[in-house]
Amino acid sequence: MARQIITGVPELEAVLSKLADKAADRVARSAIGGGLTIAAKRIKQAAPKGKTGAIRKSIKSRFKRAQGGRAPSAKIGINVGKQKKTAEGFVKRIKAPHSHLVALGTKPRKRKRIGGKFAFLREPTDQQLSTGAMPANPFLKQAFEAARPETMQRMRERAAKALAREVEKARNK
């Protein structure tokens, strides 16, 4: 799938570097969460419907907190959401295992041998052996790029609100 990276707004990064670690983490979480909501909504709207709607249903987001000097990060995409913990480790909950075929497309495919309703054919033609090709549908990347300005605006708004809360907390201490 397409990987898009939003590193951050320079003025937001400057403010966060001046805050205490926990306060900066809370502000960043709030800002990133607001951006995730907008981007996920736009991607779901752009996703192809299909027979079951599995691709739309499987578009989720996941947030990772800052740990060990690493900045907080987030993911949005197909089959990204929560993971189920089992005895063997974490297992992804995949609702749309065909999503990569839809988003990236396929090259022309052919059967190696023919059977089923075409079993009677002795010398099948290329058309009879072909299973077709699927054109790429880059809805994920296009929707993310279209939502980028709105996402950044929401992140700025949420960061300003969270920053005001943190300043108020610091004053009350």
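Predicted model: local features only at pLDDT ≥ 70, side-chain atom pairs only at ≥ 80, totals over all residues.

User: What makes the span of α6 close to the one expected?

Analyst: Set the two values side by side. α6 has 34 residues and reaches 47 Å from its first C-alpha to its last, and at 1.5 Å a residue 50 Å is expected.

User: Where does α6 bend, and by how much?

Analyst: The bend is at Arg148, about 50°. Pro149, a proline, follows within four residues.

User: Which residues touch the most other members of the largest nonpolar core?

Analyst: That core has 14 residues, and the ones with the most such partners are Ile43, Ala47, Ile55, Ile59, Ile78, Ala96 and Phe139. Two or more residues come from each of α2 (21-46), α3 (54-57), α4 (99-104) and α6 (139-172). With 4 residues, α6 gives the most. There's also a second, separate core of 8 residues, including Val27, Ile32, Met155 and Ala159.

User: What makes these sets "nonpolar cores"?

Analyst: Their members must be buried, belong to the nonpolar residue types, and be joined through side-chain atoms within 4.5 Å. In soluble globular proteins, nonpolar side chains tend to be buried together.

User: Why is Asp25 called buried?

Analyst: Its relative accessible area is 16%. The cut-off is under 20%, so Asp25 qualifies as buried. Asp25 sits in helix α2, and beyond its neighbours within four places in sequence it is in contact with Ala66 and Pro72.

User: Is Asn79 buried or exposed, and how do you know?

Analyst: Buried: the relative accessible area of Asn79 is 14%, so it falls under the 20% limit. Asn79 is in the loop between β2 (73-78) and β3 (83-86). Its phi is positive, about 60°, although Asn79 is not a glycine.

User: And what does the chain look like overall, in elements and burial?

Analyst: There are 6 helices and 6 strands, running α-α-α-β-β-β-β-α-β-α-β-α along the sequence. Buried residues make up 28% of the 173. The chain exposes about 12,300 Å², with carbon and sulfur atoms supplying 54% of that area.

Methods
Residues numbered from 1 in each chain as written. Heavy atoms only, no water. Buried < 20%, exposed > 50% of the residue type's maximum accessible area, 1.4 Å probe, protein only. Expected span 1.5 Å × (residues − 1). Bend = angle between axes of the 7 residues up to and from the residue. Contact = heavy atoms within 4.5 Å. Areas by Shrake-Rupley, 256 points an atom, 1.4 Å probe, with all protein chains shown as cover.
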